[in-house]
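Trainee: I have a new model open and would like to learn to read it. Could you take me through some of its features?

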Amino acid sequence: MEFTESYKQTGPCCFSPNSRFIAVAVDYRLVIRDTLSFKVVQLFSCLDKISYIEWAVDSEYILCGLYKRPMIQAWSLTQPEWTCKIDEGPAGISYARWSPDSRHILTTSDFQLRLTVWSLVNTACVHVQWPKHGSKGVSFTQDGKFAAICTRRDCKDYVNLLSCHSWEIMGVFAVDTLDLADIEWSPDDSAIVIWDSPLEYKVLIYSPDGRCLFKYQAYESGLGVKSVSWSPCGQFLAVGSYDQMLRVLNHLTWKTFAEFTHLSTVRGPCCAALFKEVDEPLQLDMSELCLSDDFIQNKNGDASEGHFGVRYEVMELPVTLPFQKPPADKPNPKQGIVYHN
């Protein structure tokens, strides 16, 4: 595995959807580099430090979240002179995202007062009151024609269906959740999955017209759903729970198709290869050490374009992976993968 030289970065970085560019935030500057040569393609200057960046689906536009202002600035790679600035004023901005057509920006105000759809074509805007979440609770169909936005009013969760062409509300229906966590369209756009907060194990399948197709609850006591994901074909729905179990539902009867446990031991036969990074001590030959003219020039000028290498070895199965069970009596337990030196 080879690495390029290091480049300065003080904020987020993100690859473009077409994988041709990488955007890097350096304080208030947005640096666009080519992924093959890593040469600077465009350089944009924002009004404040960049907190968030996101590419449009067509990889032509990119937005920068200046949440300290709060403000959103958008830039175009094909038209560097084109600029866009979105300011919500006292309402603030807690999150921003692109629509599937890459010509609209959706912003959520502070305290989830409203969600605003901003058009880059005719500068029009549409408001949706009381969105449920800032960065979650919004899902688009695969064809990009409709959007499902979760809202909450009068202590009740609702789903608003909007047309991504006119951004008019096509329908609103209430959902049977105590505290809705998130929502996601199925890959074939025939169903919508909604799941409750970890305090209540509840996974709900709705049709676009608001009919509840199925309600799934694996158990009652204990923390509930951790994550939910559709299979690319839309025929299966995976539900990860806090009991360290993964349950797969089928799309015909919505019954449990399979259950998997998260094992710490990887056994064969396994189609996946397990790699381990090898730490090798740096060997230096000091006998013929000298400072050449090229070295002095590189020290005084640009950084060298040398590459650095890391070696990995294939492990033999079975392999036991280190794991640590989070304490049940402490709040906010650490979850996920932790790298050790």
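**Reading the hairpins**

Mentor: Begin with a turn. In the hairpin of β4 and β5, five residues lie between the strands, and Phe38 takes a positive phi near 60°. Keep in mind that this is a predicted model.

Trainee: How many bridges join β4 to β5?

Mentor: Five bridges join β4 to strand β5, residues 40–45, and the two run antiparallel.

Trainee: Which residue takes a positive phi in the hairpin of β3 and β4?

Mentor: That is Asp27, with a positive phi near 60°. This hairpin has two residues between the strands. β3 and β4 pair in the antiparallel sense over six bridges. Across that pairing, Ala25 stands opposite Leu30 in β4.

Trainee: Is strand β4 mostly covered or mostly open?

Mentor: Strand β4, residues 29–34, is mostly covered. Five of its six residues are buried.

**Reading one residue**

Trainee: Let me try a single position. Where is Val26?

Mentor: Val26 sits in strand β3, which spans residues 21–26.

Trainee: Is Val26 buried or exposed?

Mentor: Compare its relative accessible area with the cut-off. Buried means under 20%. Val26 has 6%, so it is buried.

Trainee: What is Val26 in contact with, leaving aside its neighbours within four places in sequence?

Mentor: Its contacts are Lys8, Gln9, Thr10 and Val31. Take Gln9 as a case of sequence against space. Val26 and Gln9 are 17 residues apart in sequence, yet their C-alpha atoms are 5.0 Å apart.

**Reading a sheet**

Trainee: In what order do the strands of the open sheet come?

Mentor: Four strands form it, in the order β6-β7-β8-β9, with antiparallel pairing. β6 (52–55) and β9 (83–86) stand at the edges. Each has a single partner strand, so one side of each is left without a neighbour in the sheet. The twist averages 20° from one strand to the next.

Trainee: Over how many bridges do β7 and β8 pair?

Mentor: Strand β7 (residues 61–66) and strand β8 (residues 71–76) pair over six bridges, in the antiparallel sense. To trace one of them, go from Gly65 to its bridge partner in β8, Ile72.

**Reading charges**

Trainee: Now the charged side chains. What should I look for?

Mentor: Side chains of opposite charge can pair when their charged atoms come close. In this model the count comes to 12 salt bridges.

Trainee: With which residue does Arg114 form a salt bridge?

Mentor: Its partner is Glu88, and the closest N and O atoms are 2.6 Å apart. This pair links distant parts of the chain, 26 residues apart. Arg114 is in strand β12, while Glu88 is in the loop between β9 and β10 (95–98). Arg114 counts as partly exposed because its relative accessibility is 25%. Glu88, at 6%, counts as buried.

Trainee: Which side chain meets that of Asp157 in a salt bridge?

Mentor: Arg152 does, at 2.6 Å from N to O. Asp157 has 0% relative accessibility, so it counts as buried. Arg152 has 27% and counts as partly exposed.

Trainee: How far apart are N and O in the salt bridge of Glu313 and Arg311?

Mentor: The distance is 3.3 Å. Both ends can be classed too: Glu313 counts as partly exposed at 38%, and Arg311 counts as partly exposed at 39%. Elsewhere, salt bridges that share partners join Lys132, Arg152, Asp157 and Asp179 into one network.

**Reading the surface**

Trainee: Which residues make the nonpolar surface patch of about 370 Å²?

Mentor: Phe111, Leu113 and Trp130 make it. Look at Phe111, in the loop between β11 (104–108) and β12 (114–119). Exposed means over 50% relative accessible area. Phe111 has 74%, so it is exposed.

How values were computed: Residues numbered from 1 in each chain as written. Predicted model: local features only at pLDDT ≥ 70, side-chain atom pairs only at ≥ 80, totals over all residues. Heavy atoms only, no water. Buried < 20%, exposed > 50% of the residue type's maximum accessible area, 1.4 Å probe, protein only. Contact = heavy atoms within 4.5 Å. Pairing = 2+ DSSP bridges. Axes fitted to C-alpha atoms, helices over the stretch in contact; angles between N-to-C directions. Patch = residues over 30% accessible without salt bridge, like charges linked within 9 Å, V, L, I, M, F, W, Y side chains within 5 Å. Areas by Shrake-Rupley, 256 points an atom, 1.4 Å probe, with all protein chains shown as cover. Salt bridge = Lys/Arg side-chain N within 4 Å of Asp/Glu carboxyl O.
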